Amino acid sequence: MMNRCTTRVLLAFGALVLALPAVAAEHEVKMLNKGADNQTMVFEPAFLKIAPGDTVRFVPTDKSHNAESIPGMLPEGAQPFKGKLSQEIAVTFEKPGIYGFKCTPHVGMGMVGLVQVGDDLSNLEAAKAVKVPGFGGKRMSALFEMLNTTTAAK
C-alpha cells in the first residue's frame with residue numbers, strides 16, 4: 001500500500017503533467033511525380049488540417065520539387081515560405097487560417113496543396129480569390145471543396 005507521502009508525490013506529478021502545454025505535432029507531406037491515385041505532380045496529402053504550432057515537413061520523395069506558399073493565400077501576418085528544389089523544408093504554422101502552397105516548377109500541372117490551421121477561416125474568401133495557373137487552379141478548387149466538406153461535418 002502507498003503511504004500518504006507517495007500519494008501526494010503522485011498527485012503533484014499528475015497535476016504538473018496536466019499543466020504542461022500540449023506537444024505540437026509534426027506532419028509529413030511528400031512531393032511526388034505520381035501519387036497513390038495515379039495523378040501526376042502531387043503533394044501527398046494535398047490537404048491537411050493541423051493545430052496552431054504544428055510543423056509540416058515537405059519531403060522531396062521525387063526530385064525537382066519544392067514547396068512554396070502562394071502569395072495571397074496566407075492569414076494576415078503569417079510568414080511566407082519557399083523551399084529549394086529537391087530539398088526538404090519544415091514549416092511551423094503559428095497563425096490560424098488557410099495556407100495555399102505550390103511546387104513552383106509544377107504549379108501549372110496541378111501541384112498545389114492546402115493547409116487549414118485551427119478553425120479560423122477568416123482568410124478563406126481572399127485565398128479563393130487568388131488565381132492559380134493551369135491545372136493548379138482546378139486542383140485548388142477541389143481542395144477548397146474538400147475544406148468546405150470538412151468544416152461542414154463539424
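Helices here are DSSP runs of type H or I with at least four residues, and strands are E runs of at least two, both numbered from the N terminus.

**Figure 1. Overall view of the chain in a predicted model.** The chain contains three helices and eight strands, and these elements follow one another from the N terminus in the order α-β-β-β-β-β-β-β-β-α-α. Of its 154 residues, 40% count as buried, while the accessible surface of the chain comes to about 8,900 Å², with 59% of that area belonging to carbon and sulfur atoms. Among contacts between residues at least 6 apart in sequence, 66% join residues at least 24 apart.

**Figure 2. Close-up of the largest nonpolar core, which has 21 residues.** Within this core, Phe-43, Phe-58, Phe-81, Phe-93 and Val-115 touch the most other members. At least two residues of the core come from each of strands S1 (26-34), S2 (40-44), S3 (47-50), S4 (54-59), S6 (89-93), S7 (97-102) and S8 (112-117), and S6 gives the most, with three residues.

**Figure 3. Close-up of the salt-bridge network of Glu-26, Arg-57 and Glu-88.** Side chains of opposite charge can pair when their charged atoms come close. The side chains of Arg-57 and Glu-26 meet in a salt bridge with an N to O distance of 2.9 Å; because Arg-57 lies in strand S4 and Glu-26 in strand S1, this pair ties together parts that are 31 residues apart in sequence. Arg-57 also forms a salt bridge with Glu-88, where the closest N and O atoms are 2.8 Å apart, and here Glu-88 belongs to the loop between strand S5 (68-69) and S6, 31 residues from Arg-57. Arg-57 is partly exposed, with a relative accessible area of 25%, and Glu-88 likewise counts as partly exposed, at 44% relative accessibility.

**Figure 4. Close-up of the salt bridge between Asp-119 and Lys-49.** The side chains of Asp-119 and Lys-49 meet at 2.7 Å, N to O, and the pair links distant parts of the chain, 70 residues apart, with Asp-119 in the loop between S8 and helix H2 (124-129) and Lys-49 in strand S3. Asp-119 is exposed, with a relative accessible area of 52%, whereas Lys-49 is partly exposed, at 34%. The count for the chain comes to three salt bridges.

Key: Residues are numbered from 1 along each chain as its sequence is written. This is a predicted model: local features need pLDDT of at least 70, side-chain atom pairs count only at pLDDT 80 or more; totals for chains, interfaces and linings use all residues. Side-chain values use heavy atoms; hydrogens and water are left out. Buried means under 20% relative accessible area, exposed over 50%, partly exposed in between (1.4 Å probe, protein chains only). Contact means heavy atoms within 4.5 Å. Accessible areas come from the Shrake-Rupley method with a 1.4 Å probe; for residues, only the protein chains shown count as cover. A nonpolar core is a set of buried Ala, Val, Leu, Ile, Met, Phe, Trp, Tyr and Cys residues joined through side-chain atoms within 4.5 Å. A salt bridge is a side-chain nitrogen of Lys or Arg within 4 Å of a carboxyl oxygen of Asp or Glu.
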